[in-house]
Amino acid sequence: MAGSVRVSTPDADAGWQAALLAQAKAGDDAAFEALVRLHQDRAFAVALRMTGNPLDAQDVVQDALLQAWRSLGGFRGEAGFGTWLVRIVINRCHNLRRGARPTTPLLDRDPVSGVPGPDTVVQAEHRRLATAAALQALPFDLRAALVLYTFGSSTHAEVGRILGISETAAKVRVHRARRALTDRLQEWR
């Protein structure tokens with residue numbers, strides 16, 4: 001139809017994604033790739049916050065995508081593909097944590113540019129590291145809820161669906177995680 005413009009609405013997107021999902025379930029690699037492109041940034045962001053390491057996050061997302069492809073036939077569509085994929089990412093992060101040996105992460109150095117003086121830069125780096133360490137020190141269930149809600153822009157209901165808990169339990173976990181972070185970062189206030 002000449003001159004028509006596709007207006008994107010949540011219902012239209014859901015219908016479009018459902019069509020892609022049906023094609024992917026039928027073995028269409030391109031449809032699965034399109035679904036992955038839609039949700040890969042969110043999956044990586046969640047994995048990065050959960051692992052605290054970009055390389056681990058990449059491995060987790062890659063494993064999750066392989067798992068999603070292999071399990072696609074069993075996906076019942078009770079949640080959106082993105083929600084299902086993030087759930088797989090959370091499970092992979094959980095598996096990684098269980099199998100991990102304690103390590104000291106390497107510092108991620110970004111080039112410093114511009115105005116801030118060395119003291120400001122050093123203090124900001126220490127604050128960032130303290131926050132990352134406090135986040136990584138949270139119990140896994142609390143960290144997962146906080147990452148999904150605060151950094152993953154999920155609602156409490158979505159967090160509940162992803163983690164397999166009630167919306168109320170998700171709210172409680174997010175609240176407890178925030179309180180624990182606040183307690184651990186008192187010296188930085």
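# A tour of an all-helix model

Start at Arg49, which lies over the face of Phe151, 4.0 Å from the ring centre. A charge counts as over a ring if NZ of Lys or CZ of Arg is within 6 Å of the ring centre and within 35 degrees of the ring normal.

Some ground rules before the next selection. This is a predicted model, in which local features need pLDDT of at least 70 and side-chain atom pairs count only at pLDDT 80 or more, while totals for chains, interfaces and linings use all residues. Residues are numbered from 1 along each chain as its sequence is written, and side-chain values use heavy atoms, with hydrogens and water left out.

**Whole chain.** Show the protein chain as a cartoon. Of the 189 residues, 31% are buried. Buried means under 20% relative accessible area, exposed over 50%, and partly exposed in between (1.4 Å probe, protein chains only).

**Colour by pLDDT.** This is the predictor's confidence in each residue, from 0 to 100. The chain averages 84, and 85% of the residues score at least 70. Contact means heavy atoms within 4.5 Å.

**Aromatic cluster.** Select Phe32, Trp69, Phe75, Phe81 and Trp84. Ring pairs link these residues into a cluster. Rings of Phe, Tyr and Trp (its six-membered ring) pair if their centres lie within 6.5 Å; planes under 30 degrees apart count as stacked, over 60 as edge-to-face and the rest as tilted. The whole structure holds four aromatic pairs. Zoom in on Phe75 and Trp84, a stacked pair: 4.4 Å centre to centre, with 25 degrees between the planes. Both residues are buried.

**His39.** Next, go to helix α2 (residues 29-51) and pick His39. Is His39 buried or exposed? His39 counts as buried because its relative accessible area is 15%. Its contacts, leaving aside neighbours within four places in sequence, are Gln17, Phe81, Gly82 and Leu85. With Gln17, the side chain of His39 makes a polar contact of 2.9 Å. A polar contact is a pair of N or O atoms within 3.5 Å; within protein, one must be able to donate a hydrogen and the other to accept it, and residues adjacent in sequence count only if both atoms are side-chain atoms.

Conventions:
Helix = DSSP H or I, 4+ residues; strand = E, 2+ residues; numbered from the N terminus.
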